[in-house]
Amino acid sequence: MVKITDVARRAGVSPSTVSYALSGKRPISDETRRRVEAAARDLGYRPRSVAHGPACGKPNVLALAAPLRPGVHAPVVMRLAVSVVTTARAHAHDVLLLTQEEAEEGLSRALGTASVDGLLLTDVELHDPRLPRLHALDRPSVLIGLPANPRGLTCVDLDFQAAGEACVNHLAELGHRTVALVGSPPEVYLRETAYAHHLMRGFTTAAGRHRLTTSVQPGDPDPATAPRIAERLVREHPALSAVVIHNEPLLEPLIQAFRRLDLRIPDDLSVIALCPDDLATTARAPVTSVTLPFAELGTRAVELLMRKLRGTPVPQTTLLPPRLTERATTRQA
């Protein structure tokens with residue numbers, strides 16, 4: 001079967017240029033379009049829009065690649081998926097959810113069996129093995145996450161590095177000198193998942209600037225591990241006076257574990273969480289937090305993808321600024 005990459009090679013252009021030239025979704029010079037059409041004709045290439053066009057009843061579908069692998073908190077994925085689906089429906093599109101661990105070949109295989117217009121990727125790694133395949137696909141894509149090298153890609157995410165810095169800056173302003181980060185599960189760091197590393201970089205950079213003593217502790221999401229994590233932090237850092245928690249299942253269990261160690265919150269220990277607002281405000285004591293804006297991220301990602309489908313230029317990287325709300329769990333050291 002002749003592929004779009006074969007046509008691109010014959011015409012001396014990128015696969016995306018072939019797609020735009022044959023679909024008319026983006027302005028292409030007449031000379032380039034004629035070269036692409038001649039290459040497609042010579043090779044006998046039939047684009048998807050011909051085989052599955054509107055006349056054949058092709059549905060408008062976006063694919064959301066959200067792998068449910070170890071360390072991924074399923075409720076987070078579902079919050080994001082609901083936002084994506086809701087926004088896509090407003091644009092008359094349905095959403096195909098891909099939850100298997102689709103790497104380079106698996107991603108192409110999944111897309112090859114479904115008529116999708118564009119692709120959204122979550123759980124992005126710093127050096128994500130799926131990224132090389134995106135450049136060869138004949139459909140636009142948007143990453144919900146920021147890899148180490150975003151050149152040539154479209155990315156949207158919370159600015160996790162700025163979020164880590166905001167947490168530390170707030171605690172430093174309150175006079176705290178020894179602070180800890182309880183972060184994502186160990187496998188998330190081992191995969192070099194982008195958001196976890198950006199957050200840790202922001203945390204450690206700001207702590208170094210303020211000359212704070214710090215500890216970074218990956219957190220197993222099993223609530224039963226909370227007492228061990230709390231005991232280890234207190235034992236290894238007797239002067240500990242503040243903790244940043246980016247691990248939703250551990251938030252309330254960790255707070256309770258510190259209280260069982262006779263640490264009053266916020267009198268003896270200040271706590272900041274990175275979590276959705278509803279989780280922060282419904283805790284026993286409302287938690288000072290940086291909002292994780294899943295609804296806005298899903299909406300922004302779909303809007304960017306729809307603009308790309310229309311051939312409208314989009315920014316390479318969109319980072320949402322962090323919003324820290326002070327509540328009952330932080331106070332002056």
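Contact means heavy atoms within 4.5 Å. The structure is a predicted model, in which local features need pLDDT of at least 70 and side-chain atom pairs count only at pLDDT 80 or more, while totals for chains, interfaces and linings use all residues. Residues are numbered from 1 along each chain as its sequence is written, and side-chain values use heavy atoms, with hydrogens and water left out.

The protein has 14 helices and twelve strands; these are DSSP runs numbered from the N terminus, with helices (H or I) of at least four residues and strands (E) of at least two. Of its 333 residues, 51% count as buried, that is, under 20% relative accessible area with a 1.4 Å probe and protein chains only (exposed is over 50%, partly exposed in between). Among contacts between residues at least 6 apart in sequence, 72% join residues at least 24 apart.

Two packed helices are described by the angle between their axes and the distance between the axes. Helix H5 (residues 74–90) packs against helix H14 (residues 294–309) at an angle of about 45°, and the axes lie 8 Å apart. Axes are lines fitted to C-alpha atoms, for helices over the stretch in contact, and angles run from 0 to 180 degrees between N-to-C directions. H5 is therefore oblique to H14, since angles under 35 degrees count as roughly parallel, over 145 as roughly antiparallel, 65 to 115 as roughly perpendicular and the rest as oblique. From H5, Val-76, Arg-79, Leu-80, Ser-83, Val-84, Thr-87 and Ala-88 meet Phe-294, Ala-295, Leu-297, Gly-298, Thr-299, Val-302 and Glu-303 of H14.

The largest nonpolar core holds 24 residues, of which Val-243, Leu-254, Phe-258 and Leu-269 touch the most other members. Such a core is a set of buried Ala, Val, Leu, Ile, Met, Phe, Trp, Tyr and Cys residues joined through side-chain atoms within 4.5 Å. At least two residues of this core come from each of strand S6 (178–183), helix H11 (226–236), strand S8 (242–245), helix H12 (251–260) and strand S9 (270–275). H12 gives the most, with five residues. A second, separate core of 21 residues includes Val-168, Ala-172, Leu-212 and Phe-294.

H12 is largely enclosed by the rest of the structure, because seven of its ten residues are buried. These are Leu-251, Pro-253, Leu-254, Ile-255, Gln-256, Ala-257 and Phe-258. Their cover includes S6, H11, S8, S9 and helix H13 (277–281). Just after H12, Asp-262 takes a positive phi of about 65°.
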